[in-house]
Amino acid sequence: MFELLGVPPQVLLGQLLLGLINGSFYAVLSLGLAVIFGLLNIINFAHGALYMAGAFAAWMLLHYLGIGYWPALILAPLIVGAFGIVLERTMLSRLYHLDHLYGLLLTFGLALIIQGLFRNYYGISGLPYQIPDLLSGGHNLGFMFLPNYRAWVVAASVLVCFGTWFMIEKTRLGAYLRAATENPILVGAFGVNVPLMIMLTYGFGVALAGFAGVLAAPIYSVNPTMGEQLIIVVFAVVVIGGMGSIMGAIVTGYMLGLIEGLTRVFYPEGSAVVIFVIMAIVLMIKPEGLFGRPA
Amino acid sequence: MTDAAKLLLKVSDLQGWYGESHVLHGINFEVHQGEVVTLLGRNGAGKTSTLLAIMGILAKRTGSVTFAGTEMIGMQPRHIARLGIALCPEERGIFSSLSVEENLLLPPRIAEGGLSIERIYDLFPNLKERRASSQGTKLSGGEQQMLAIARILRTGAKMLLLDEPTEGLAPVIVQQIGRTIAALKEEGFTIVLVEQNFRFAASVADRHYIVDQGKVVDMIPNSELEQNTQKLHDYLGV
């Protein structure tokens, strides 16, 4: 077998796959953040906690009600989305007339409360969640072994990201969303119920986080801290891609996952910080982000 | 205009505030079905604020604004829009993240009887040529103004509030907008037009209300404009 810079291809491709998996989560989560930020102007710090809640919702559905992975893939995001709508109606909607900072503080507080509650009841050792039977095992591709579940995660995230992008950029509903992002007052003056759109958008954005949580459950153990570890990186992804850019969030998510994977091969010590280094460089050269529009 | 024509919009002692700043001090005027009425006045007289207060966008307001008998003070803009009033804002409000066609199709239909797309393209041939254009804001100023008017014609709204549609446009475009407004009157639309360009206003309107320092201070029918030229010049300071 050929070697690249002294690295066996199995190692390289293995890490690239791992990077792509991480990138899938970055993409789905930063997409939700970008959608929410676009319309609500709120930096949703509760996103990681709601991702974790999605994983827990799947675990609880199985553990308490015997509902398996496939129904949970639909139900858990719906539960998380409904919870998000309650948060938006009862709390976030009171902050729209204030500075962004208040939304950030509120959602940060909510994240701490949600994580604290789960930690209190379930500890931090993590709970196992089985890979569904349909996706257990894997395929030997000759040059590497591809676990079925990981292939599914990448496929599902690409599907969800593309679907969301299509809905926002190519449909009539998406046109309302884009217009309301630019000028909510005028869209309201055309007779559109903008507060309802905002509520559903927040619900949808956090449902994406819940969906990512269910995808993650069989890979990482279901753990109250799984969100807070991930969310900091995801925020860096959003900053690199550009706040509020849908395509930017998606592309940057996958790209940074891959870059992180490559770093793990060639310079393992740097893999934990590479994304933040890139963020710092992007902020210096193009502060609005790679795909952002200048403010 | 005849007294027999149905009273569509009635504004009585309308007062309005931006925060603590009191900008409308008692606006009174009436618009009958099928009329084109202008609000004339200097910069900062309160013309745009009057339109925003009618739409409910200027939310802090008192007095009475009725449309076809329905009191609209205290209503949200989206509910006011659904009664059949559409605003073409001064800044035009073309969305940069929407294509020309998406901009045109954005405002939802609120009633039967709006113009068909074919009729709209008939009135605005430029827009038909440019409809595939990727960004609404890539259009020229005149085309953007056309688009801002065109998109409120297919919704079924019966009353159009046009805020300075001629501002900053070349004379030939201003003429085109004048012909468009005449055509819309023919189609049965009722129009409230905010203007500073009184020559343009005189070419399209039935009556003129003069707005000064947040109040309506006079009403001049278009037919009596000649006799009142001097008075008008004093009001408008031209």
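View 1. B:V37 has B:R207 of β9(B) as its bridge partner. This pair belongs to a predicted model, in which strand β3 (residues 36–40) of chain B and strand β9 (residues 207–212) of chain B run parallel and are joined by four bridges. Helix α1 (residues 47–55) of chain B packs on the sheet, where the helix touches β3, β6, β7 (159–163), β8 (190–195) and β9 of chain B. The direction of this helix makes about 145° with that of β7(B).

**View 2. Order and edges of the six-stranded sheet of chain B.** The six strands form an open sheet with mixed pairing, and their order is β6-β7-β8-β3-β9-β10 (chain B). At the edges stand β6 (85–88) and β10 (215–221) of chain B, each of which has a single partner strand, so one side of each is left without a neighbour in the sheet. On average, and with direction ignored, neighbouring strands of this sheet are turned by 20° against each other.

**View 3. The four-stranded antiparallel sheet of chain B.** A further view shows an open sheet of four strands in chain B, in the order β2-β1-β4-β5, with antiparallel pairing. The edge positions are taken by β2 (21–32) and β5 of chain B, and because each has a single partner strand, one side of each is left without a neighbour in the sheet. Within the sheet, strand β1 (residues 7–18) of chain B pairs with strand β4 (residues 61–67) of chain B in the antiparallel sense over six bridges, and B:L9 has B:F67 of β4(B) as its bridge partner.

View 4. B:F67, which is the bridge partner of B:L9, has B:T70 as its bridge partner in β5(B). Two residues lie between the strands of this hairpin, and in the hairpin B:A68 takes a positive phi near 50°.

View 5. In chain B, B:D13 is not a glycine, yet the residue has a positive phi of about 45°, and its place is in strand β1 of chain B.

**View 6. Helix α6 of chain A and its surroundings.** The buried residues of helix α6 (residues 172–182) of chain A are A:A175, A:Y176, A:L177, A:R178, A:A179, A:A180 and A:T181. Within chain A, these buried residues pack against α1 (9–40), α5 (148–170), α7 (184–189) and α8 (194–216), and across the chain boundary they also pack against α3 (100–105) of chain B.

**View 7. The contact between chains A and B.** Chain A gives 13 residues to the contact, and chain B gives 18 residues. On the side of chain A that touches chain B, the elements that give two or more residues are α6 and α7 of chain A. The residues of this side of chain A comprise seven nonpolar, four polar and two charged residues.

**View 8. Chain A as a whole.** Chain A contains eleven helices and two strands, and from the N terminus on its elements run α-α-α-α-β-β-α-α-α-α-α-α-α. The radius of gyration of chain A is 19 Å, close to the 19 Å that the globule rule gives for 295 residues, so chain A is as compact as a globular protein of that length. Its C-alpha trace spans about 65 × 50 × 35 Å along the principal axes, and buried residues make up 47% of the 295 residues. Among the contacts in chain A between residues at least 6 apart in sequence, 76% join residues at least 24 apart.

Technical notes
Residues are numbered from 1 along each chain as its sequence is written. Chains are lettered from A and ligands numbered from 1 in the order in which they are written. This is a predicted model: local features need pLDDT of at least 70, side-chain atom pairs count only at pLDDT 80 or more; totals for chains, interfaces and linings use all residues. A residue is buried if 20 or more other C-beta atoms lie within 10 Å of its own, exposed if 12 or fewer, and partly exposed in between; C-beta atoms are placed from the backbone. Two residues are in contact if their C-beta atoms, placed from the backbone, lie within 7 Å. Ala, Val, Leu, Ile, Met, Phe, Trp, Tyr, Cys and Pro count as nonpolar, Asp, Glu, Lys and Arg as charged, and the others, Gly among them, as polar. Two strands pair if DSSP finds at least two bridges between them. The radius of gyration is taken over C-alpha atoms; the globule rule is 2.2 Å times the number of residues to the power 0.38. Axes are lines fitted to C-alpha atoms, for helices over the stretch in contact, and angles run from 0 to 180 degrees between N-to-C directions.
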